[in-house]
Structure formats: structure tokens, C-alpha cells
Amino acid sequence: MSDVLELQDVSVVREGRALVDQVSWSVKEGERWVILGPNGAGKTTLLNVASSYLFPTKGTATILGDTLGKVDVFDLRPRIGMAGIAMAEKLSKRQTVLQTVLTAAYGMTAGWQEEYEDVDEQRARAFLDRLGMSDFLDRRFGTLSEGERKRTLIARALMTDPELLLLDEPAAGLDLGGREDLVRRLGRLARDPIAPSMIMVTHHVEEIAPGFTHVLMIRQGKVLAAGPIELELTSRNLSHCFGLPLVVEQAGERWTARGLPLG
Ligand SMILES: Nc1ncnc2c1ncn2[C@@H]1O[C@H](COP(=O)(O)OP(=O)(O)OP(=O)(O)O)[C@@H](O)[C@H]1O
């Protein structure tokens with residue numbers, strides 16, 4: 001299996017502080033990774049390196065075989081699908097859901113002047129259907145609920161047929177039903193052998209869909225644990241990561257975590 005992402009001693013330093021601190025990490029083709037860590041740990045910063053939007057201050061980042069600094073990122077970016085708040089903010093609120101997904105095929109965040117191919121429209125409709133958004137095709141993106149917006153962004157990220165799919169807190173802000181619906185859909189994607197390699201940032205182990213294979217835990221910019229989920233997602237590691245005693249349990253194919261009562 002080839003490396004989809006290879007970070008060697010990567011640090012991102014801002015105002016004299018390492019937001020990501022000497023991280024070495026490799027993601028192989030077909031793996032589905034979860035990044036867990038407390039607020040401010042450096043999860044989004046790490047994802048921004050993986051998406052080629054942020055260059056390391058130190059170390060080397062190789063994405064889909066190309067090393068940042070030695071490659072034209074405009075060739076690399078279409079090969080990476082990114083769904084997160086940062087992407088949502090770049091999109092026009094007035095475009096319809098279908099337009100929002102379709103524009104991804106042309107590497108644009110806005111614009112409806114192009115002649116779109118029928119085949120692209122069919123693909124956009126198929127991805128939206130897969131994410132349960134078929135009833136919203138003509139709705140303006142800016143009027144969607146949080147859950148609907150999240151599902152549209154994932155459909156959009158898949159539109160370019162990426163080799164690497166990055167999801168930044170896809171379940172944040174969703175109610176219980178919305179979260180469970182999304183987890184089921186992500187589970188289906190994670191288990192699809194032809195789906196891209198995936199990296200998902202989350203705060204909650206409950207949001208890990210079945211089919212995710214690996215976990216990376218980060219605290220204050222440093223990696224605390226990285227490896228197969230069954231080995232690394234332990235009470236000990238999670239307690240260390242979040243800085244309080246936690247009990248992790250696996251219930252079927254899902255995970256739960258809770259704090260121990262104060263003694
Ligand atoms: N440009 C910047 N300059 C200085 N500090 C920054 C900059 N960008 C981010 N930070 C800080 O870096 C740290 C890591 O931020 P990051 O967004 O990667 O964390 P996170 O783990 O994604 O957090 P959260 O779970 O709260 O979203 C935070 O303390 C943040 O305030």
C-alpha cells in the first residue's frame with residue numbers, strides 16, 4: 001500500500017508557539033483515520049497541512065506522493081476533497097444545493113455561467129442522493145440547516161473523485177438524529193472499498209463510524225497515540241489526551257466515552 005500522507009517531523013509555528021509539534025505520521029491508501037483531541041490541540045492545523053493549504057514551518061509533508069514546497073499545489077488540490085467550516089464559508093449562500101456540488105467539478109466556489117456537462121450533473125445528483133439530499137436540490141445553500149449543510153459539503157467534496165477525503169468535525173452541531181444519520185452514511189462510505197482514503201477530525205468517540213480503521217490522538221500539538229483503532233482507542237490514551245479520567249467502551253461497532261465521577 002502506498003502512502004497517501006507522510007509527515008516527517010512536521011511543526012507549524014506561529015508567534016513562537018508550535019501549534020503542531022514535530023509530528024511524524026503516515027496514512028496508507030485505503031485507511032480511514034480519526035483525529036481526536038481537545039479544543040486547541042492542533043487538529044484543524046494538522047488537517048490544513050494534509051489539505052496542502054498550510055505549509056509546515058519545519059519538517060516535510062508529502063501528500064499523494066508530492067512533497068509540499070516541491071509541487072504546484074494547484075495540481076494537488078483537486079485530488080483532495082475537503083469538507084469543513086472553512087470550505088462552507090467560501091461558498092456562495094445564494095447558490096442552490098445542486099449548484100454548490102456541481103461547481104466543485106470545475107474547482108470553483110461560485111459561478112453558474114459555465115456550461116456543465118450532463119454527466120457532471122448526474123454525478124452531483126447521485127452524490128446528493130447518497131447523502132440524503134435529493135429533496136433539497138433547488139434550495140439555496142444559505143438556507144440549509146447545519147446537518148443539511150454538512151451533508152451537502154461531503155457530497156461536494158466527493159464530486160472531484162478525490163484520492164484523499166478530509167472531514168473537519170462533520171457531526172458538530174447536529175442533533176442526535178442528525179448525528180446518527182451522518183454516522184450511518186459515513187460508515188457506508190468508510191466501508192466502500194473504492195471510496196477515497198479518509199481523515200476525520202472529531203471531538204467525540206461517539207461520532208466514529210464503523211469502518212474507520214485508525215486513530216491519531218493529539219494534545220498541545222504533539223501526537224500521543226497513533227495506530228489501529230482497536231489498539232489505540234483505550235481509556236488510558238483518551239484520558240491522557242483529554243486530561244481527565246475517562247472510560248472508553250466499545251458497544252458493537254460504535255464507541256462511547258464517559259468521565260469517572262468525582263471521588
Ligand atoms: N494563525 C494563528 N496564529 C496563532 N495561533 C493560532 C493560529 N491558528 C491557530 N492558532 C492556535 O493554534 C491552536 C491549535 O488550533 P487548531 O484550530 O488547530 O486546534 P483544534 O484542535 O482544531 O481546536 P478545536 O477543537 O477547538 O477546533 C489553538 O490554540 C489556536 O488558537
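## The ligand shell

The shell around the ligand divides into two nonpolar, six polar and three charged residues. Here Ala, Val, Leu, Ile, Met, Phe, Trp, Tyr, Cys and Pro count as nonpolar; Asp, Glu, Lys and Arg count as charged; the others, Gly among them, count as polar. The model is predicted: local features need pLDDT of at least 70, side-chain atom pairs count only at pLDDT 80 or more, and totals for chains, interfaces and linings use all residues. Residues are numbered from 1 along each chain as its sequence is written.

The shell is made up of Arg14, Glu15, Leu19, Gly37, Asn39, Gly40, Ala41, Gly42, Lys43, Thr44 and Thr45. Helices (H or I, at least four residues) and strands (E, at least two) are DSSP runs, numbered from the N terminus.

## Confidence

The protein chain has an average pLDDT of 92, and 96% of the residues score at least 70. pLDDT is the predictor's confidence in each residue, from 0 to 100. For the complex, the predictor gives an ipTM of 0.96 and a pTM of 0.92.

## Helix 1

Seven of the eight residues of helix 1 are buried. Buried means that 20 or more other C-beta atoms lie within 10 Å of the residue's own; exposed means 12 or fewer, and partly exposed is in between, with C-beta atoms placed from the backbone. The buried residues are Lys43, Thr45, Leu46, Leu47, Asn48, Val49 and Ala50. Just after helix 1 comes Ser52, with a positive phi of about 75°.

## Strand 9 and its partners

Strand 9 (residues 214–219) is mostly covered, with five of its six residues buried. Strand 9 pairs with strand 3 (residues 32–36) in the parallel sense, over four bridges. Two strands pair if DSSP finds at least two bridges between them. Trp33 stands opposite His214 of strand 9.

Strand 9 also pairs with strand 10 (residues 222–228), in the antiparallel sense and over six bridges. Leu216 has Ala226 in strand 10 as its bridge partner. Strands 9 and 10 form a hairpin with two residues between them.

## Helix 6

Helix 6 (residues 146–158) has 13 residues, which should span 18 Å at 1.5 Å a residue. The expected span is 1.5 Å times one less than the number of residues. The end C-alpha atoms of helix 6 are 19 Å apart, which agrees.

Ten of the 13 residues of helix 6 are buried. They are Arg149, Lys150, Arg151, Thr152, Leu153, Ile154, Ala155, Arg156, Ala157 and Leu158. Their cover includes strand 6 (80–83), helix 3 (85–90), helix 4 (97–102), helix 5 (118–130), strand 7 (164–168) and helix 7 (176–191). Contact here means that the C-beta atoms of two residues, placed from the backbone, lie within 7 Å.

## Two loop residues with positive phi

Glu15 has a positive phi of about 50° although it is not a glycine. Glu15 is in the loop between strand 1 (3–14) and strand 2 (17–28). Glu15 counts as exposed because it has 5 C-beta neighbours inside 10 Å. Glu15 is also one of the residues around the ligand.

Gln220 is not a glycine either, yet has a positive phi of about 45°. Gln220 lies in the loop between strand 9 and strand 10. With 16 other C-beta atoms within 10 Å, Gln220 is partly exposed.

Notes
A residue is near a molecule or strand if its C-beta atom, placed from the backbone, lies within 6 Å of it.
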